[in-house]
Each structure stands twice: as C-alpha cells, then as structure tokens.
Amino acid sequence: MNSSIAFLCFLLPILFSVTSTLCTNSEGNALHALRSRLSDPTNVLQSWDPTLVNPCTWFHVTCDSNNHVIRLDLGNSNISGSLGPELGQLQHLQYLELYRNYFEGKIPEELGNLKYLISMDLYDNKFEGEIPKSIAKLKSLRFLRLNDNKLKGSIPRELTTLSNLKVLDVSNNNLCGTIPVDGPFASFPMERILKTTDSAGQSYKDWCHMTLDAEKNKLRNR
C-alpha cells in the first residue's frame, strides 16, 4: 500500500506537468496560427518562436503562474490582417488588446469561448460584419470597446445578459436597429452608442430610422 501511494505521489506531478505543457503548447500553436495571418512590417512579433516550449517568453504575451496565456497586448502595433477561430483556443485569456491597428474581416464567433475574458479592445481597426452574438457568453467581460470600425447590423440584445459589463463603446460604426436598454445598457452613456456613423457621415438615428425604447419614456425616431 505504501509503495502504491509513493508511486502516485511521484506520478501525479509528472502528469500535471505534461498536461500543463500540452495546454501551453496548444496556446502557442493558436498564437502562431494568428501570426501566420498577419502582416508585421515593424517586426513586433519577431520573438514569436513556435519551437519554444510555450509562448510565455514571447513579447506582448503575458502568462499566469501555470504558464497559461492570460493577456495579449498588440495595441498600436501597425499590424494588419484578420483574426481566425484559433483565438478561441486561448481559454485562459483575460485581456485581448488589439486596438489601433489595421485588422479587417469579421470578428470571430469563437471569441465567445474565452470565458475568463475581462477586456476586449478591438477599437480603431477595420473590422466588418456584425457584432457576434457569442460575445454574450463572456460573463466575466467588463470592458467591450469596438468603436471606430466598419461594423454593421444591430447591437445584439443578448449582450444585455452581461451583468459585469461596465464599459461599452460601439460608436463610429455602421450599426443599425434597436438599441437595448436592459441590464447594463441602462447605465451606458448614449453618446457611446448614438455617435455612430456610416461612410457618408450620417448618424445612427438619421440613416437607420432607429427605435430607442427607454424604460421611463419611449422616444421613437421613424
């Protein structure tokens, strides 16, 4: 019996180490897949070496004590390209900072898999398409800044379930439709939502025939 216990005590740390390495390798693979999609004229991503055991020594990547990637800081880095589904594999990510670059294409639905995400800053890029409804799965999310892109469609009503959301900015996009006012939306400054324009400079309510349902009084612009 004692020998069995001793063997287990010896084996468990090894299994934990192998599991941790596999996790960090998958995260490194995900980041390297992202790297392959990007143009990096100033070599910001030069340290992203896929042959390393994990990505924790890469610049602009922060890990926790278990070598899980928890932060990706690529804001204002003169990077262009698109995001892919591989970002959804960074399951411990808390901060996704990609602002002020030249990212284009759609925001991946797979970002909804980042259940620990606290901050998503994708503002001042060239993202197109609709705001993914899957963002509503991010129950830890506190900061969502998607302003100054080319997003279209409406604000997903599902986002009203994000009870921890403190900051929302979707201004200066091509959004259209009904503005939610439930949940955290009741406390958001309207200028962060209404100051959203299309390419001709028309405001949200001017070109969308927007309907704004307020809790205390209903204001309808048709």
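In the predicted model, Arg71 is placed over the face of Tyr95, 4.5 Å from the ring centre; a charge sits over a ring if NZ of Lys or CZ of Arg is within 6 Å of the ring centre and within 35 degrees of the ring normal. The structure is a predicted model, in which local features need pLDDT of at least 70 and side-chain atom pairs count only at pLDDT 80 or more, while totals for chains, interfaces and linings use all residues. Residues are numbered from 1 along each chain as its sequence is written, and side-chain values use heavy atoms, with hydrogens and water left out.

The protein chain contains three helices and 14 strands, taken as DSSP runs numbered from the N terminus (helices H or I, at least four residues; strands E, at least two). Of its 222 residues, 41% are buried, where buried means under 20% relative accessible area, exposed over 50%, and partly exposed in between (1.4 Å probe, protein chains only). The accessible surface of the protein chain is about 11700 Å², with 51% belonging to carbon and sulfur atoms; areas come from the Shrake-Rupley method with a 1.4 Å probe, and for residues only the protein chains shown count as cover. Among contacts (heavy atoms within 4.5 Å) with a separation of 6 or more, 52% are between residues 24 or more positions apart.

Rings of Phe, Tyr and Trp (its six-membered ring) pair if their centres lie within 6.5 Å, and the pair is stacked with planes under 30 degrees apart, edge-to-face over 60 and tilted for the rest. Tyr99 is partly exposed because its relative accessibility is 23%, whereas Tyr123, at 16%, is buried. Phe185 and Phe188 form an edge-to-face pair, with 5.3 Å from centre to centre and 70° between the planes. Both Phe185 and Phe188 are buried.

Asn173 is located in the loop between β11 (167-169) and β12 (174-175). With 0% relative accessibility, Asn173 counts as buried. Polar atoms of the Asn173 side chain lie 3.1 Å from the backbone oxygen of Leu146 and 3.2 Å from the backbone nitrogen of Asn149.

How values were computed. Polar contact = N/O pair within 3.5 Å; in protein donor to acceptor, adjacent residues only side chain to side chain.
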